[in-house]
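My notes are in the order in which I looked things up.

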Amino acid sequence: MTEPVPASPTPIEALADKGPLEPPRSQWKDVWDQFRKHKGAMFGGGFLVFITLAVVLGPWIWQVDAQKLDIRNKDMRPIWTALWDSTAKVGWNRPFGTDQLGRDQLAQIIQGGRTSMAVGWAAMILSLIIGTTVGVLAGFVRKADGLLMRLTDLFLSLPILPLLLVAVTLFRQPLREAFGPEGGMFVLIVGIIAITSWMPTARIVRGDILALKEREFILAARSIGTTPFRIVQRHLLPNVLSPIMVSATLGLATAIITESALSFLGVGFPSDFPTWGKMLADAVQRMQQFPERVYLPGIAISLTVLSVNYLGDGLRDALDPRIRGR
Amino acid sequence: MLTFAVRRLVLAVPTLLFISFVIFMLLQLAPGDPMAQVPLTVPPEVKEKMRQALGVGEPALVQYWKWLVQVFWIEPKVFIDYLTNSSSLLGWLPDTQLYQNELRVISWQTRSPVMDIVIQRIPQTLWVVGMAYVVGILIALPIGIYSAYRQYSVFDQTGTFITMIGFSIPPFFTGPLLIVIFSVQLGWFPSIYDTTHVVNDWASFKYQLSQMILPVMVLALQTTAQISRYMRASMLDNLNQDYVRTARAKGLGEAVVVTVHVLRNSMIPVITVIALNVPAIFGGAIITENVFKVNGIGQLLITALFANDLPMVMTLTFIFAVLIVLFNLIADILYGLLDPRIRYD
């Protein structure tokens, strides 16, 4: 008589699991863990959230009209000037001082930040949409590839800043009539920055799509009859998301700088509509007496761009699977 | 290699033609009227004749063709005449006298040939921008090399941080900042670049040097930030390669390994980036020229734009486009020449 065989043999001791298995980790959790290790990126991300919240919620917290002229309180210095100059004209009701027309500087910084950030985000998103569309089309549709890439090369050899200046001066009037003075300028600047900055995204996306297209999972998707549109949407786009995100941060930084540069050269928004670049440009004439009017918007632009650049650095490291986990 | 260069050169011609066409058509939409400054007492038929004289009355395509002829045929003739007639370089050749008083590209602001003004302005831009670029590269390369060699050291961390800051602060902020610090509070350097200044003795040379320092610093900060980041990344790519280990294994000193083996290989992409960035520097100089009141071609473009001087804007933008296409070409050819692994066929 043989011994009855147990239903399942006892496992070998060394191979037995010590405890319950760890739940599988998602890719985005890995990315987040890697991202957290990059101090600059954490700081940059934190500052970007802070400045975005500050300019979005600021007008409700600091309820001073940025456009209100208060000529009796003109040329006030920021509150910290009192530390070394007790005769300076300062006041707690105007913590960042006022300009030559008595407009509150803090409210102007907030208002200017709203414009700068809005232009930056809108231009970045628009240029990503154009760049990704061109890149996907060029990578996926073989017939369109040559034409679209020649177009990209052509755009890359356009002189960007001179053309921006030309376009802004030329189209200012018609768009102003169509959308109002501020709206027209917004549409114009966002559109022009987007049209002149989509090329790097398109090139990166095309390269990645060309490589991904030959992989087995695309073949599998094709073999079960997935339509090309669904392949792009379900299988290709999620896989090119990381280079797109990295170029998005770069795009945001360049868009903010370009808008400020245009305002600085005097072809940006109308004069009573504050943006950071405009405030800086207006203050340059009297920077000997009131250097803080140059510093404050300048520091705002620089810190925002710096934090966005650090964010991009961290994202690039976190999204690159070869670096991640090291 | 030669065939590649020739093919790229030939391909550059339609690209430039297309770009010039796009710019021209864009400028056709300009709302301004060159006759707006003319007094109202001038009768309309005279105005019409003046318009014809400026070449505005013609259809757009005819105007474009005439512009092309002027830029590509008449201006070179003027230039060759100048070379053989009054330049010291080729003055020994017989005077060619190719230019027979044909109409050149005329600026609407000054009614003088655009190219003459551009030639007057280019030395200022080249001095400031070119000097800044050279200074920036000279600072950037050692920083990039050393911070890659000592990756994650204190030097590398501070270097990366400073280049990141230089990358992020726009020139229209660093310019006023430096002016406030160095020319207003310390009083070391003049805040305005005086282009009429003539260097003829030691004192005037020192003044020239001191007025160039601020604009050069602003532009060089940008260049340094970009180039040293590229240099560092490229060095890091190469330092972990097998051939570096081989070089060390056969007993070469660290200095030779880094400066000969690694550096020469890492310079390949950096040199192309340096070539590619030259036109961008010219474009960025528009802002710096504006801040320091340098009357170079960037400032010329801005004033021409505000004055609605379309021939000037057209020609200047085209010159910028030519620079970009030219340096793209140079970068590609350099890449092929320096890296024997790259073969264009």
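**Entry 1: what kind of model**

I noted first that this is a predicted model. I checked the confidence of chain A. Its average pLDDT is 81, and 93% of its residues score at least 70. Where in chain A is confidence lowest, and where is it highest? The lowest mean, 78, belongs to α5(A). The highest, 89, belongs to helix α8 (residues 216-223) of chain A.

**Entry 2: chain A as a whole**

I counted secondary structure in chain A. I found twelve helices and zero strands. I then took the extent of the C-alpha atoms along the principal axes. They fill a box of roughly 110 × 55 × 30 Å. I compared the radius of gyration with that of a compact globule. For 326 residues such a globule would be near 20 Å, but chain A has 27 Å. I looked at burial next. In chain A, 40% of the 326 residues count as buried. I also looked at contacts between residues at least 6 apart in sequence. Of these, 71% join residues at least 24 apart.

**Entry 3: chain B as a whole**

I repeated the steps for chain B. It has eleven helices and zero strands. Its C-alpha trace spans about 85 × 60 × 45 Å along the principal axes. Of its 345 residues, 31% are buried. I took its contacts with a separation of 6 or more. Residues 24 or more positions apart account for 70% of them.

**Entry 4: where the chains touch**

I sorted the chain B side by class.

**Entry 5: the cores**

I searched for nonpolar cores. The largest has 121 residues. The residues with the most contacts inside this core are Ile189(A), Leu280(A), Leu301(B), Val313(B) and Leu316(B). Leaving out residues up to four places away in sequence, Ile189(A) touches Val119(A), Glu259(A), Leu262(A) and Gly268(A). I also found a second, separate core of eleven residues. Among its members are Ala140(B), Ile143(B), Met231(B) and Met235(B). In soluble globular proteins, nonpolar side chains tend to be buried together.

I tested the length of α6(A), residues 181-195. At 1.5 Å a residue, its 15 residues should span 21 Å, and its end C-alpha atoms are 21 Å apart, so the two agree. Its buried residues include Phe186(A), Leu188(A), Ile189(A) and Ile192(A). What do the buried residues of α6(A) pack against? They pack against α3, α5 (160-179) and α10 of chain A.

I did the same for α7(A), residues 199-213. Its 15 residues should also span 21 Å, and the ends are 21 Å apart, which agrees. Its buried residues include Met199(A), Val205(A), Arg206(A) and Asp208(A). Their cover includes α3 (105-140), α4 (142-156), α9 (228-236) and α10 (241-264) of chain A.

**Entry 6: loops**

I looked up Asp70(A). It is in the loop between α2 (39-61) and α3 of chain A. Is Asp70(A) buried or partly exposed? It counts as partly exposed, because it has 15 C-beta neighbours inside 10 Å, and a buried residue needs 20 or more. Beyond four places in sequence, Asp70(A) touches Thr98(A) and Gly102(A). Asp70(A) and Lys37(A) are 33 residues apart in sequence, and their C-alpha atoms are 48 Å apart in space.

Last, I checked phi. Most residues other than glycine have a negative phi. Tyr152(B) has a positive phi, near 65 degrees. It lies in the loop between α4 (114-149) and α5 of chain B. With 9 C-beta neighbours inside 10 Å, Tyr152(B) counts as exposed. Lys293(B) also has a positive phi, near 55 degrees. Its place is the loop between α9 and α10 of chain B. Lys293(B) has 13 C-beta neighbours inside 10 Å, so it counts as partly exposed.

Key
Residues are numbered from 1 along each chain as its sequence is written. Chains are lettered from A and ligands numbered from 1 in the order in which they are written. This is a predicted model: local features need pLDDT of at least 70, side-chain atom pairs count only at pLDDT 80 or more; totals for chains, interfaces and linings use all residues. A nonpolar core is a set of buried Ala, Val, Leu, Ile, Met, Phe, Trp, Tyr and Cys residues joined through C-beta atoms within 7 Å. A residue is buried if 20 or more other C-beta atoms lie within 10 Å of its own, exposed if 12 or fewer, and partly exposed in between; C-beta atoms are placed from the backbone. Two residues are in contact if their C-beta atoms, placed from the backbone, lie within 7 Å. Helices (H or I, at least four residues) and strands (E, at least two) are DSSP runs, numbered from the N terminus. The expected span of a helix is 1.5 Å times one less than its number of residues. pLDDT is the predictor's confidence in each residue, from 0 to 100. The radius of gyration is taken over C-alpha atoms; the globule rule is 2.2 Å times the number of residues to the power 0.38.
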